[in-house]
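Thanks for asking me to look this over. Here are my notes, written to be read with the model open beside you.

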Amino acid sequence: MGNMELSAQNTLNCFKLKKGEDVLIITDKNKISIAKVIYNEALKIGLDPIMIDMEPRRFDGEEPPRSIAHAMLFSDVIIAPTTKSITHTSARRNATQNGARIATMPGITEDVFLRTMQFDYSDIRSLTDTLTKMLSKARLGRVTSPNGTNIVFKLGNKAMADTGILKDYGSYSNLPAGETSVAIKERTAEGIIVADRCGDIIKNSSKIIVENGFIKNIENNKDGIKLKQILDEVNKIDNSKNSYNVAEFGIGTNPYAKISGCTLEDEKVLGTCHFAFGDNTSYEGGTIDSTIHLDVIIKNVTIKLDDKIIVKNGKIII
């Protein structure tokens, strides 16, 4: 069990905590073992943490209960090992605006926690920051993969570095961290995404046709049908087609991460990229609001920003 404790210590170290800071740990029944280890380590270093256990959400990006959203507003530090992501929620955005420093850990498993939280995150910061600057400057992106991905999209929004360093007022990140990501310009993505992985939804490569920035068609295989059912269900909740929006483009920068079926880890794998569907209002320049934010991962990618290839067959070459 010692390793779990080290992972919890590294999680807390990301925040550069001070005595007297209010630490809130948000979890649910599926992730409570991880939450408890973090809670106990927080106690050991003299903090006074609070742990809240909620019902697991149905979708990534669905709001937590109002009482939790309220508690988040009055916390200095929030750590959220939960089944579904609360990153792309109003609750998280409002807490960040109020100065809270937040680490979300959606879908984290003990295995992922052990593997990816055993080291100091300052190690991967410089690569993540360099790629973030390049993504922010670029005007056009193109991604191809041997599987048949071939998609172009307009950029021009400021990109975000997910470094895991959470010492600044209002900073937020996933843990494990290690990606750079950006809101795609509305209605500009065109082409084919062949998704290699999307949690438990896509396990076999599935083809997604994109037109005018929205999904036009999803391959009619078992995994594609599952993806379509989820996006259709959200469209009924949203009362719009926004779950089909191609929202975000991201590149993984974490050499310790591997494809495990846990999206939190998969999207961080060095040299992979991901596209998210649905909400992008957490990103600078993002204007599409939805109940869902769902990432699909693509392996062995070649990524071109304007005229420069920055990733070739899954190897970062900057």
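1. **Ground rules.** This is a predicted model, in which local features need pLDDT of at least 70 and side-chain atom pairs count only at pLDDT 80 or more, while totals for chains, interfaces and linings use all residues. Residues are numbered from 1 along each chain as its sequence is written, and side-chain values use heavy atoms, with hydrogens and water left out.

2. **Helix 4.** Helices (H or I, at least four residues) and strands (E, at least two) are DSSP runs, numbered from the N terminus. Helix 4 covers residues 90-97, and its buried residues are Ala 91, Arg 92, Arg 93, Ala 95 and Thr 96. Buried here means under 20% relative accessible area, exposed means over 50%, and partly exposed is in between (1.4 Å probe, protein chains only). These buried residues pack against helix 3 (66-73), strand 3 (77-80), strand 4 (101-104) and strand 8 (172-174), with contact meaning heavy atoms within 4.5 Å. Just after helix 4, Gly 99 has a positive phi of about 105°.

3. **Helix 6, length and faces.** The 13 residues of helix 6 (residues 125-137) should span 18 Å at 1.5 Å a residue, and the end C-alpha atoms are 19 Å apart, which agrees. The expected span is 1.5 Å times one less than the number of residues. Which residues of helix 6 are buried? They are Thr 128, Leu 131, Thr 132 and Leu 135. They cover an arc of only 110° around the axis, so they sit on the same side of helix 6; the arc is that of the directions from the helix axis to the C-beta atoms. An α-helix has 3.6 residues a turn, so residues three or four places apart point the same way. Ser 126, Lys 133 and Lys 137 are exposed on the other side of helix 6.

4. Two strands pair if DSSP finds at least two bridges between them. Strand 13 and strand 14 (residues 273-278) run antiparallel and are joined by 5 bridges. If you want a spot to look at, Val 246 stands opposite Phe 277 in strand 14.

5. **Helix 7.** The 17 residues of helix 7 (residues 222-238) should span 24 Å at 1.5 Å a residue; the end C-alpha atoms are 25 Å apart, which agrees. Its buried residues are Asp 223, Gly 224, Leu 227, Leu 231, Val 234, Asn 235 and Asp 238. Their arc around the axis is only 115°, which puts them on the same side of helix 7. The face turned away from that buried side carries the exposed residues Lys 222, Gln 229 and Lys 236. Strand 11 (206-211), strand 12 (214-218) and strand 15 (293-298) are among what covers the buried residues. Just after helix 7, Asn 239 takes a positive phi of about 60°.

6. **Cysteines.** How many disulfides are there in the whole structure? The search finds 0, a disulfide being a pair of cysteine sulfur atoms within 2.5 Å. For Cys 262, the nearest cysteine sulfur is that of Cys 198, 12 Å away. Cys 262 is buried, at a relative accessible area of 8%. For Cys 273, the nearest cysteine sulfur is again that of Cys 198, 13 Å away, and Cys 273 is buried at 0%.

7. **Backbone details.** Most residues other than glycine have a negative phi, and most peptide bonds are trans. A cis peptide bond joins Leu 175 and Pro 176, with omega about -5°; Pro 176 lies in the loop between strand 8 and strand 9. Lys 16 has a positive phi near 50°, and is found in the loop between helix 1 (2-13) and strand 1 (23-28). Lys 16 counts as partly exposed, at 48% relative accessibility. Asn 300 also has a positive phi, near 50°, and is found in the loop between strand 15 and strand 16. At 44% relative accessibility, Asn 300 counts as partly exposed.
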